[in-house]
Amino acid sequence: SVTSGVVTFNCEGRVTTGNPAAEMIFGRQREVLLNCSCEGLFGEGLAIAVHLNETLAQKKEATREECEVVQQNGQKKCLGFTTSALRDRSGAIIGAIIVFVDLTEMKALQAQVDLKKRFEMMGEVSAWIAHEFRSYMGTIMGYASLLSKAFEPKSSEQEMTRAISIECVAMDRLI
């Protein structure tokens, strides 16, 4: 009834037992899991295999890590795992145990939350930039209005100041 995958390995690094959660996480029958190497189960060069080998070599007693594994069907899963040495009654290491949890959905949800936060920050920055642009454009429009009063009606100078005002209004609509 444990929802975490539990797999035990002998001293040669071969699977000796696996629970139903391990079967479900890996999408493999127990018969396929049994006697499989760690690399065959999780993939070569992954942190989980390195930690298992270090546990079997008595270099580490227990570790907690995360890694991504690729299943036989090509699907990627993120696993949180702990490796520990298995000992007999006299304390001698007879193998290792890996307990792992599928973190794939949790990581995907966390990525969505992070993306939402980034979009919120972009919205805040955009609002600030728009506010600043409007302030600058207000200043430009004010000076353009003052300049237009200094020129003769229908002069080329007044037409240029009116063009400045029209463009500022268009920029304001765009913002």
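I looked up Ser 148 and found this residue buried (under 20% relative accessible area, against over 50% for exposed and in between for partly exposed, with a 1.4 Å probe and protein chains only), at a relative accessible area of 18%. The model is predicted, so I note that local features need pLDDT of at least 70 and side-chain atom pairs count only at pLDDT 80 or more, while totals for chains, interfaces and linings use all residues. Residues are numbered from 1 along each chain as its sequence is written, and side-chain values use heavy atoms, with hydrogens and water left out.

Ser 148 lies in helix H5; helices (H or I, at least four residues) and strands (E, at least two) are DSSP runs numbered from the N terminus. Setting aside neighbours within four places in sequence, I find Ser 148 in contact (heavy atoms within 4.5 Å) with Gln 158 and Thr 161.

I then turned to Trp 128, also in helix H5 (residues 104-150). Trp 128 is exposed, with a relative accessible area of 53%.

Next I examined helix H4 (residues 47-56), whose buried residues are Ile 48, Ala 49, His 51, Leu 52, Thr 55 and Leu 56. They lie on the same side of H4, because they cover an arc of only 165° around the axis; the arc is that of the directions from the helix axis to the C-beta atoms. I traced their packing to strand E1 (5-10), helix H3 (38-42), strand E3 (62-70), strand E4 (76-87) and strand E5 (93-102). Just after H4, I noted a positive phi of about 65° at Gln 58.
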